[in-house]
Amino acid sequence: MTGGEWDQPEMCDIDAEQHILGAALYTEDNTDVAAMVAEIPTEAFYRPAHQLLHAVMVELVRTGQPADPVVVLEKASSRGELGADTGRLRLITLELLGKGVPGSVPFFADRIITLWHARTAVGEATRMIQKLHVLHRNGDLSLTGQVVARAREGLELDFTDPAAPGEAALPPSVAELLAGSDSYDWLIPQLFEYGDRMILTGIEGLGKSMLLAQIACAVTAGLHPFLAAPILGAGAPHSTSHRVLVIDAENLPGQLRRRYRDLVTRIDAVCAQQNHPRPDWTDELRIEARPDGVRLEDPRELRRIEAAIAAHRPVLVVAGPLYRLNGLDTEAAEGARELVRILDRLRVKYRFALVLEGHIPHAADGRSRSVRPIGSSLLLRWPEFGYGLVPARGHEDDEHPSVVNLRQWRYARDERLFPHELYHSTFGLPWTPGDNYFRICRSRGIFA
């Protein structure tokens, strides 16, 4: 076994190990989760006690027995591999209970295996360096090749030249590309595909946050976020609810509670009116309230957010404001590039549509305010769609306009059917499009 019992260098994650073992020690039916955990190499765990508990769990799984916490602890204690200190092992096992979500096991497993490989690489490289120093001091460098070769074997690395010619190195041909399907992978027909990116901006006080919450709640219920109608059309999921995650980096829980209480009530009323199944609000819509902001550039914070995404598996993530999702200087291209790299990796890996809230700059020299988001010009080119809320004509001086326009600030890469005008409503959804939008959507078969 490697590593001390309580020390934690950079290349290990004790918390991740606890989440994995804790998920496998659920007192409910945990057969599938325990089997998944048993596939992880025991050596990937850094803490010796975790290695011992995992080894016992593997034995139980292979003999068809459940990974019951009491049985695991009893068998691990009887081995005596940690000396006589069974009390410490008991405390460590108790730490695991209540930790870990089954859905997050693949994410944490990938992390500890990567760290294990990193530790292995450092160990092999250190031994190689030490041996080379000994050869140098002895004045005999003839064995250098053997030392390096053994280090390579220990790392089990593939040293083939990536630039070497070969069939496997070729990207797909145009014929292979064209052989694929051209059909859209719709989440909401003619509105959102899986993997889409959208930034919604707007002047403060117009209802931008309410519109984002409306989109989140409607998609959760399997309703069109503007039409308040069950989603229909080719490729649509037909009356099924969805998992949605909201990451709110600005509002206090009390503010969110008032906003979502109203929306949940409205959505339930729409579902009842249309004989449409209500979503499971206890599970399908999750809200991460972080009024202090989120620092996605911090590996620990990113790891926690990714674990939540891995566990919930949302089809849509609504997050923002954009500038409070990180501590980087997104006015600079480098800061913006790092933020979108993080968001893109999560979006592609977990295949969700991403809708972000953006803030806009103040007006300068008496000119009207732009609805483009604050930050580097990279943010203007990055999303598929960019819209801003502005007061409709004739409502410019209203404190809370009842009619707003959706102004496009980023020309779309593909055709989508967003409304141009929204009306504040006291029934149904808070923001409702004009009659012409309903007619167009009906003509295209989006709803009956």
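Analyst: The following account takes the pockets in turn, then the salt bridges, and ends with some backbone details. The model is predicted, and every value below is computed from it.

Rolling a probe the size of a water molecule over the atoms shows where empty space is left. In this structure, the largest pocket has a volume of about 370 Å³. Its lining consists of 17 residues, and those nearest its centre are Gly205, Leu206, Gly207, Lys208 and Met210. Helix H9, which spans residues 208-221, gives the most to this lining, with three residues. Sorted by class, the lining of the largest pocket holds five nonpolar, seven polar and five charged residues.

Because Lys208 belongs to helix H9 and Glu357 to strand S7 (residues 353-357), the pair ties together parts that are 149 residues apart in sequence. Both partners are buried: Lys208 has a relative accessibility of 7%, and Glu357 has one of 6%.

The second largest pocket contains about 300 Å³ of space. It is also lined by 17 residues, with Phe107, Arg111, Leu302, Glu306 and Arg345 nearest its centre. Helices H6 (105-138), H11 (299-312) and H12 (333-350) each supply at least two residues of this lining. H6 gives the most, with six residues. By class, the lining of the second largest pocket has seven nonpolar residues, one polar residue and nine charged residues.

How are charged side chains paired at this second site? Side chains of opposite charge can pair when their charged atoms come close. Glu306 and Arg345 form a salt bridge in which the closest N and O atoms are 2.7 Å apart. This pair links distant parts of the chain, with Glu306 in helix H11 and Arg345 in helix H12, 39 residues apart. Glu306 is buried, at 3% relative accessible area, whereas Arg345 is partly exposed, at 32%. Salt bridges that share partners also join Arg197, Asp344, Arg347, Glu384 and Arg413 into one network.

The side chains of Arg127 and Glu124 meet at 3.0 Å, N to O. Both residues lie in H6, three residues apart, which is about one turn of the helix. Arg127 is partly exposed, with a relative accessible area of 41%, while Glu124 is buried at 16%. A search of the whole structure finds 28 salt bridges.

Most residues other than glycine have a negative phi, and most peptide bonds are trans. Ala228 has a positive phi of about 55° although it is not a glycine. Ala228 is located in the loop between H9 and strand S4 (244-248), and it is buried, at 12% relative accessible area. Arg313 likewise has a positive phi of about 55°. Arg313 occupies the loop between H11 and S6 and is partly exposed, at 45%. The peptide bond from Gly320 to Pro321 is cis, with omega near 0°. Pro321 is found in the loop between strand S6 (316-320) and H12.

How values were computed. Residues are numbered from 1 along each chain as its sequence is written. This is a predicted model: local features need pLDDT of at least 70, side-chain atom pairs count only at pLDDT 80 or more; totals for chains, interfaces and linings use all residues. Side-chain values use heavy atoms; hydrogens and water are left out. On a 1 Å grid over the protein atoms alone, a cavity is a set of points where a 1.4 Å probe fits but cannot get out, and a pocket is an open set with protein on both sides within 12 Å along at least five of seven lines; lining residues have an atom within 4 Å of a point. Grid points are joined across faces, edges and corners, and a volume is the space filled by probe spheres set on the points. Helices (H or I, at least four residues) and strands (E, at least two) are DSSP runs, numbered from the N terminus. Ala, Val, Leu, Ile, Met, Phe, Trp, Tyr, Cys and Pro count as nonpolar, Asp, Glu, Lys and Arg as charged, and the others, Gly among them, as polar. A salt bridge is a side-chain nitrogen of Lys or Arg within 4 Å of a carboxyl oxygen of Asp or Glu. Buried means under 20% relative accessible area, exposed over 50%, partly exposed in between (1.4 Å probe, protein chains only).
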